[in-house]
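Student: I would like to learn how to read side-chain packing from a set of coordinates. Please take me through one case.

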Amino acid sequence: EANAIGYLLKPVNQEKLVQALAKAQRLSQPQIALLAERDDLHQPGTPRSQLSAKSRRGIELLPFANARYFIADHKYVTAYHTGGELLLDDTLKELQDEFGRRLLRVHRNALVVLEHIQGLERVELGQYRVKLRGLGHGPLVSRRHLPEVRKILEKL
């Protein structure tokens, strides 16, 4: 009653409990402003422009434009980018669902950003690696995914 969310004494009065719960469900002005700000930053259904990543320095933001490829190792995903590599909070499936056609699966544990692919290079008998702009290395392409990768690269 004194502008707090609610204060109930035992035995609980049913009417006062309902009023306190209704008051607790209403958003305050700072909460409304924060939600509006978040909506302005990220519209549902549109991919993010930055990914959050864990590093030795804490949480870092990685612009998606700088990312070149993603490798999953057990339950962790590493993003390889122009400045090195970072550990992401996202799974490959989540990345593929969000960024869709901007990513190409080249291995069951690897996704590549399509716009940075320069080609394929043979590394060993029957093995190929994706050549990426801005990096001296790229992920291996699995035999299973090689035909589809070649078909997509022909269209680029």
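The dialogue below goes through ring pairs, a helix and a hairpin.

Tutor: Keep in mind that this is a predicted model.

Student: How many aromatic pairs does the structure hold?

Tutor: Ring pairs are judged by the distance between centres and the angle between planes. The structure holds three aromatic pairs. In one of them, F64 and F70 have ring centres 6.4 Å apart and planes at 20 degrees; planes under 30 degrees apart count as stacked, so this pair is stacked. Another joins F64 to F99, with centres 4.1 Å apart and planes at 5 degrees, so that pair is stacked too.

Student: Which parts does the pair of F64 and F99 tie together?

Tutor: F64 belongs to the loop between β2 (58-63) and β3 (67-73), while F99 belongs to helix α3 (residues 92-99), so the contact ties together parts that are 35 residues apart in sequence. Ring pairs link F64, F70 and F99 into a cluster.

Student: Are F64 and F99 buried or exposed?

Tutor: Burial is read from relative accessible area, and the cut-off for buried is under 20%. F64 has 2% relative accessibility and so counts as buried. F99 is buried as well, at 3%. F70 is also buried.

Student: Which residues of α3 are buried?

Tutor: The general idea comes before the case. An α-helix has 3.6 residues a turn, so residues three or four places apart point the same way. In α3, the buried residues are L92, L95 and F99. Seen down the helix axis, they fall within an arc of 65 degrees, so they line one face of α3. K93 and D97, on the other side of α3, are exposed.

Student: What covers the buried residues of α3?

Tutor: The cover includes β1 (50-55), β3, β4 (76-81), β5 (84-88), β6 and β7. After α3 comes G100, with a positive phi near 40 degrees.

Student: How many residues of strand β6 are buried?

Tutor: For a strand, check burial residue by residue. In β6 (residues 103-107), four of the five residues are buried, so the strand is largely enclosed by the rest of the structure. Four bridges join β6 to β7 (residues 110-113), and the two strands run antiparallel. L103 stands opposite V113 in β7. The two strands form a hairpin with two residues between them.

Student: Where does R150 lie relative to Y128?

Tutor: For a charge and a ring, check the distance to the ring centre and the direction relative to the ring normal. R150 lies over the face of Y128, at 4.8 Å from the ring centre.

Key:
Residues are numbered from 1 along each chain as its sequence is written. This is a predicted model: local features need pLDDT of at least 70, side-chain atom pairs count only at pLDDT 80 or more; totals for chains, interfaces and linings use all residues. Side-chain values use heavy atoms; hydrogens and water are left out. Rings of Phe, Tyr and Trp (its six-membered ring) pair if their centres lie within 6.5 Å; planes under 30 degrees apart count as stacked, over 60 as edge-to-face and the rest as tilted. Buried means under 20% relative accessible area, exposed over 50%, partly exposed in between (1.4 Å probe, protein chains only). A charge sits over a ring if NZ of Lys or CZ of Arg is within 6 Å of the ring centre and within 35 degrees of the ring normal. Two strands pair if DSSP finds at least two bridges between them. The arc is that of the directions from the helix axis to the C-beta atoms. Contact means heavy atoms within 4.5 Å.
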